[in-house]
Amino acid sequence: MNEYKQEFIEFMLASDVLKFGDFTLKSGRKSPFFMNAGAYVTGEQLKKLGEFYAKAIVDTYGLDFDVLFGPAYKGIPLAVVTAIALHTLYGKEVRYCSDRKEAKDHGADKGKFLGTKLKDGDRVVMIEDVTTSGKSMEETVPKVRGAANVDIVGLMVSLNRYEKGKGNKTALKEISELYGFPTAAIVSMPEVIEYLGDRLDDDLKARIDAYYQEYGATED
């Protein structure tokens, strides 16, 4: 496992972003773990978060892209801090863009988007916190492709929960097959579990195993 992946796991725990317990997800599933990227709230946390995303994006997709697109609302700060980190760590200048929940009809920046205007030929990396069902991409990808003739290089999320989407594959795999671009995560939940090892008690391990027996993806 890459060193930055190990550091990211420790970072999620220290930031109280990754929690273990009993949680009801938006999908209705009862989960023994939960990841809330909205819990990154301090300047130091956001700086580090952007650096982890930047390292993972460069490691996976390289530097040949122009725009970071973060779906509203959590994707907005993710795109901003990652754009800053790409500039700081790699000297790479990228623009950021996000969609609005409601189109703005006044001022100089009217329209459905926040940040840069998407242009024909732009190479775009999508950035999100976590993808469980792929629903947000169903809303976002058509908006991005409808705005200009862009090339979506790929999607990067912080955590791949590694559970079923609509079928037996992971939601990330379903997104990749549906829209025709690669998907990746800074770290996957199986990597988290393996890394933490004996730091997870036997009862929690048993509940995680039971959860994956019911919801775990059988195909990546």
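Predicted model: local features only at pLDDT ≥ 70, side-chain atom pairs only at ≥ 80, totals over all residues.
User: Does the span between the end C-alpha atoms of helix 1 agree or disagree with 1.5 Å a residue?
Analyst: Happy to check! Helix 1 runs over residues 3-14, so its 12 residues should span 16 Å.

User: Which residues of helix 1 are buried, and how many degrees do they cover around the axis?
Analyst: The buried set is made up of Tyr 4, Lys 5, Phe 8, Ile 9, Phe 11 and Met 12. They lie on the same side of helix 1, because the arc they cover is only 165 degrees.

User: Which residues are exposed on the other side of helix 1?
Analyst: Good one to look at next. The buried residues pack against several elements, including strand 1 (18-24), helix 2 (43-61) and strand 7 (151-160). On the other side of helix 1, the exposed residues are Glu 3 and Ala 14.

User: Is Glu 128 buried or exposed?
Analyst: Glu 128 sits in strand 6, which covers residues 123-130. Leaving aside residues up to four places away in sequence, its contacts include Tyr 53, Pro 71, Leu 78 and Met 156. Buried means under 20% relative accessible area. Glu 128 has a relative accessibility of 8%, so it counts as buried.

User: How many Å apart in space are Glu 128 and Tyr 4?
Analyst: Tyr 4 is one of the buried residues of helix 1, while Glu 128 belongs to strand 6. In sequence, Glu 128 and Tyr 4 are 124 residues apart. From C-alpha to C-alpha, their separation in space is 18 Å.

Conventions. Residues numbered from 1 in each chain as written. Heavy atoms only, no water. Helix = DSSP H or I, 4+ residues; strand = E, 2+ residues; numbered from the N terminus. Buried < 20%, exposed > 50% of the residue type's maximum accessible area, 1.4 Å probe, protein only. Contact = heavy atoms within 4.5 Å. Expected span 1.5 Å × (residues − 1). Arc of directions from axis to C-beta.
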